[in-house]
Structures are given as C-alpha cells and as structure tokens.
Amino acid sequence: MNRRALSAAGMAVVVAGIGILAFSLLGGSSSDQADVLAELTEMAEMAEAGSPAAQTPDEATIDPPSPDAEDDFPAIVDSAVKDPAERATPAAATFEILDVLTHDTSAFTQGLEIFDGRLFESTGLVGQSSIRELDLSTGSVLRSTGVDDVFAEGLTVLGDTAVQLTWQDGVAYRYDTETFQRVDTYTYDGEGWGLCHDEDQLVMSNGTPTLQFRDPDTFELRSTVDVTFSGAPVDELNELECVGGTVWANIWKSSLIIEIDPGTGEVLTVLNAASLTPPEVAENASAVLNGIAYDPADDTFLLTGKLWPAIYRVRIQVAE
Ligand SMILES: [Ca+2]
C-alpha cells in the first residue's frame with residue numbers, strides 16, 4: 001500500500017471516530033453491552049480494513065522487523081503510549097505481528113506482565129492455578145508454583161513482590177517474586193479479574209465496568225472509575241495492562257482490547273485482535289484472549305489467550 005492509500009486509510013479511521021463521537025453528542029448512547037461491543041468492533045474493523053499491518057497469525061513472520069520498518073508506514077504509525085491529548089479520541093488501532101513465542105496450552109491465562117525484562121503469568125482454574133515466570137524470548141515456562149486452593153486471576157509485578165487476584169475467593173496474594181512464596185494476603189469484596197499498576201497505584205477489574213484503584217502496599221481501596229464508551233458503560237473488563245498513564249483492557253468473551261483514561265473512564269482507543277485467535281482453539285469458547293503485557297524495551301505488546309499455543313509480540317498502531 002502506498003503512502004497516499006495509507007493517508008486515505010488513516011482519514012477513514014478519523015472520520016469513523018468523528019462519527020461515533022457525533023453519535024454520542026446527539027445522545028445516542030446505549031447501556032446494552034452487545035451494542036457497545038458492536039460499535040467498538042465496527043470502529044476497529046474500519047481501521048483494520050485500511051491497515052497495511054492487518055495480518056493473520058499464518059501470515060506473521062517470526063523474524064523481527066528491520067529497524068527502519070516504521071519508515072514504510074508514515075501515515076498511521078504511532079506509539080501506543082503517545083499522549084492521548086495529541087490524538088483524536090476515540091481512535092481505532094491496528095497491530096502488526098513481530099514475533100511468535102510458544103505458550104503452554106494448559107495455561108488458563110489470567111494475567112501477563114513484563115517487569116524488568118522478565119515475563120510473568122498467572123493461570124486460573126481451581127486445582128490448576130499458578131504463578132509462573134516465562135522466558136521472554138521463547139515463551140517457555142522457566143518456573144511455576146501452584147496456587148491449588150483457589151481460582152487465580154490477574155497478576156502484577158512490583159519489583160521484588162507480585163500481587164495475584166482470585167476470581168471469587170475474595171483474597172489476593174502477595175508473593176516474593178524470586179521464590180513465589182506467599183508473603184501477604186488481602187481480602188476484598190466482589191470478584192477479582194485483572195490487575196496492573198502504574199507509578200503509585202494498583203488498578204483492578206472485577207468483571208464490571210468499574211475499575212478500582214488500590215494502595216500498592218496495603219491493597220486498600222482508594223477510589224473507582226466507571227469505564228464508558230460514547231456514554232455507555234463497558235462491561236466485563238478483564239485482563240489489564242498499565243502503560244504510560246493509561247490502562248489497556250480486554251473485554252471478556254470478545255477479542256476487543258481498549259485503552260482507557262483512568263482519570264475519566266473514557267475509552268481512548270479500540271483494537272480488534274480477533275485475527276490472533278489460533279485455529280487450534282477457535283471452537284473453544286473458553287479460550288479467549290486474556291493476556292496483555294507491554295514491553296517498554298521496544299514499545300511492543302505480548303498478547304495471548306487462555307489455552308493458546310502461542311504468545312504474539314505485536315506493535316500496536318494507533319490512528320492519529
Ligand atoms: Ca497484564
């Protein structure tokens with residue numbers, strides 16, 4: 001695709017965003033989750049159709065891109081962490097697959113996070129839950145400790161400790177990152193789904209449109225924000241990833257990933273990752289995308305799902 005076509009594709013995305021924004025301003029919001037998902041999907045697919053980066057896993061190369069690859073896509077390439085104030089919102093995003101790592105097909109992925117060049121995962125299901133470290137280059141399991149008595153959920157790593165949620169057990173565990181021994185336990189109301197942290201707080205999802213902000217040391221609840229798109233609540237927020245002041249989340253049972261302004265709860269960006277679902281798990285309704293890890297080393301994301309055979313390293317491109 002040439003530069004002119006890329007510019008046209010970028011413009012189409014902007015027009016789509018303006019249209020949805022106008023829809024919101026005219027009072028056309030809906031509280032129905034299905035409507036929200038349909039709108040988000042339509043917006044993402046418009047960007048996908050016009051993107052040179054749209055790929056299926058079969059088309060993905062396992063070779064890293066050339067260092068000057070971005071020069072080929074000047075019209076829409078952007079950093080995922082660019083200040084949202086500098087781009088039109090809501091915006092649609094696409095992705096480019098850069099690498100394919102292996103993934104344990106028995107891992108019911110509930111959380112994925114990179115800390116200091118190391119990759120950590122939380123897996124769920126009672127009797128199969130675990131906290132584990134994976135090889136960041138290959139995806140192979142380096143070490144895994146069972147969390148057998150609960151249904152484990154989201155995980156975030158804070159240096160020498162890591163915090164892991166549980167689904168309906170009402171407890172969160174803090175581990176020593178090096179030994180995976182439990183060093184503290186917290187209790188909370190409601191369910192636990194996804195977890196990440198920024199510079200001064202934990203961000204937690206619980207299957208509702210509400211994100212909770214908690215003290216990173218005591219796990220104490222500080223405040224909440226309700227996530228909305230065009231004025232409508234976005235339900236079933238799941239795995240989270242805190243990136244440069246915003247929060248990325250996937251929506252359960254969909255392949256949609258959204259970027260959220262944690263101050264207002266507004267959806268800033270939407271990405272449709274449906275084409276990533278490996279054919280091996282396409283018929284398994286439980287095998288949904290549920291792993292998002294940002295790698296600050298090269299501004300890429302690792303994406304995987306429950307029981308998926310692969311972890312994809314992608315570069316997310318947000319339309320300007
Ligand atoms: Ca994550």
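In which strand does Ser144 lie? Ser144 belongs to strand β5, which spans residues 141–146; helices (H or I, at least four residues) and strands (E, at least two) are DSSP runs, numbered from the N terminus. The structure is a predicted model, in which local features need pLDDT of at least 70, side-chain atom pairs count only at pLDDT 80 or more, and totals for chains, interfaces and linings use all residues. Residues are numbered from 1 along each chain as its sequence is written.

The chain contains 2 helices and 22 strands. Of its 320 residues, 45% are buried. A residue is termed buried if 20 or more other C-beta atoms lie within 10 Å of its own, exposed if 12 or fewer, and partly exposed in between, with C-beta atoms placed from the backbone. Two residues are in contact if their C-beta atoms, placed from the backbone, lie within 7 Å. Among contacts between residues at least 6 apart in sequence, 57% join residues at least 24 apart.

Ser144 has 16 C-beta neighbours inside 10 Å and therefore counts as partly exposed. Apart from neighbours within four places in sequence, Ser144 is in contact with Ser130 and Arg132. The C-alpha atoms of Ser144 and Ser130 are separated by 6.4 Å, and the two residues are 14 residues apart along the chain.

An open sheet is formed by 4 strands in the order β6-β7-β8-β9, with antiparallel pairing; two strands pair if DSSP finds at least two bridges between them. Its edge strands, β6 (152–158) and β9 (182–187), each pair on one side only. From one strand to the next, the twist averages 20°, where axes are lines fitted to C-alpha atoms, for helices over the stretch in contact, and angles run from 0 to 180 degrees between N-to-C directions. Strand β8 (residues 171–176) runs antiparallel to β9 and is joined to β9 by 5 bridges. Arg182 in β9 is the bridge partner of Tyr175.

Strand β18 (residues 256–260) has 5 of its 5 residues buried, so β18 is largely enclosed by the rest of the structure. In a regular strand the side chains alternate between the two faces of the sheet. In β18, Leu256, Ile258 and Ile260 point one way, whereas Ile257 and Glu259 point the other way. On the β17 side, strand β17 (residues 246–251) pairs with β18 in the antiparallel sense over 4 bridges, and Ala249 stands opposite Ile258. Strand β19 (residues 267–272) also pairs with β18 in the antiparallel sense, over 5 bridges, with Thr269 opposite Glu259.

Both pairings are hairpins. The β17–β18 hairpin has 4 residues between its strands, and Lys253 in the turn has a positive phi of about 70°. In the β18–β19 hairpin, 6 residues lie between the strands, and Gly265 in the turn has a positive phi of about 85°. Lys253 is partly exposed, with 14 other C-beta atoms within 10 Å. Beyond neighbours within four places in sequence, Lys253 is in contact with Glu236 and Val288.

The largest nonpolar core has 79 residues, of which Ala92, Ala93, Val247, Ile258, Val270 and Leu303 touch the most other members. A nonpolar core is a set of buried Ala, Val, Leu, Ile, Met, Phe, Trp, Tyr and Cys residues joined through C-beta atoms within 7 Å. Not counting residues up to four places away in sequence, Ala93 touches Ala47, Thr269, Val270, Leu271, Ile316, Gln317, Val318 and Ala319.
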